[in-house]
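Please look through the sequence and the structure before reading on.

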Amino acid sequence: MKNQRDVLRLVFSHRQREGGGFIVRRPFPAVGITQVDPFLLVDELGPIDYAPGKAIGAPDHPHRGFETVTYVLEGELEHEDSSGERGFLGAGDVQWMTAGRGVVHSEMPSRRLQEGGGRVHGFQVWVNLPRKDKFIEPRYQELKAGQIPKAQTADGLAKVTLIAGEALGAKALTETRTPLVYQHWSLSPGAVVEQPLPGSFNGVVYVFEGEAHVGEPGRAVKEGTMAILGLGEVVKLSAQVPTQLLLLAGVPLNEPMVRWGPFVMNEPFELEQAAADFQTGKMGSIPR
Ligand code: FE
């Protein structure tokens, strides 16, 4: 029998104001938990119902040294950046942005949503880049909902969407700089899954609807709570109520990490350099 991962710790998300003033539910970073190497941040955006004219986003801001992964469950987001790149994310779409040496971008609700109002629900996860990749060329991987592999158990009770990594014989299309798992599981009552995870990966489970049972013998993990997993080769997920969760895992970089707002580097002087490069326009600006 494979070594089951236990729940080491439960982390209750807190509410945090971000970007132009929207509220996110954030398990980490938080006091006492700066990262789960290589993951730097997990934000659940909404679900929030905006009235017409009230939707807010994150206008022009820079990033350097890591990746931002945006996954839209409901609503529409528009993206623009300093390379002239523009993107539109609808329900189920993913944008995997490798900021590398630096971009300036904006992430806003679509014009239609800003004018007419509507619901927004999604995630943004920050993934650190290893030292050797901090200054690579910025890159985007845009995945439309229909292109993202999905799979389910034989009984149909557990369904998975594969943003990174493999499960139930299906494999994500995303190219990652280090081996990663980013999976969205939907569990119906009675669902039981044993998902392999390489033993060297750090892993977390963030439940955003219902209540999952994680590990064996395991712990109950309620909506809004993140379970930090111990080491092992398999994580057991089950549920008795309709439940949705993210399973995130990756090889820890085990490198020095310093962060200041939108910059995540290895050494403090690199943060000062990043701020100076942004202020002097070296990360560009959005052509409008
Ligand atoms: Fe951003």
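Phe123, Tyr206 and Phe208 form one aromatic cluster, where rings of Phe, Tyr and Trp (its six-membered ring) count as a pair if their centres lie within 6.5 Å. The model is predicted, so local features need pLDDT of at least 70 and side-chain atom pairs count only at pLDDT 80 or more, while totals for chains, interfaces and linings use all residues. Residues are numbered from 1 along each chain as its sequence is written, and side-chain values use heavy atoms, with hydrogens and water left out.

**Phe123 and Tyr206**

- The ring centres of Phe123 and Tyr206 are 6.0 Å apart and their planes stand at 80 degrees, so this pair is edge-to-face (planes under 30 degrees apart count as stacked, over 60 as edge-to-face and the rest as tilted).
- Because Phe123 lies in strand β11 and Tyr206 in strand β19 (residues 202–209), the pair ties together parts that are 83 residues apart in sequence; strands are DSSP runs (E, at least two residues) numbered from the N terminus.
- Phe123 is buried, with a relative accessible area of 0%, and Tyr206 also counts as buried, at 1% (buried means under 20% relative accessible area, exposed over 50%, and partly exposed in between, with a 1.4 Å probe and protein chains only).

**Phe66 and Trp126**

- The structure holds 5 aromatic pairs, and one of them, formed by Phe66 and Trp126, is tilted, with 4.5 Å from centre to centre and 35 degrees between the planes.
- This pair links distant parts of the chain, since Phe66 is in strand β6 (residues 66–74) and Trp126 is in strand β11, 60 residues apart.
- Both Phe66 and Trp126 are buried.

Conventions:
Helix = DSSP H or I, 4+ residues; strand = E, 2+ residues; numbered from the N terminus.
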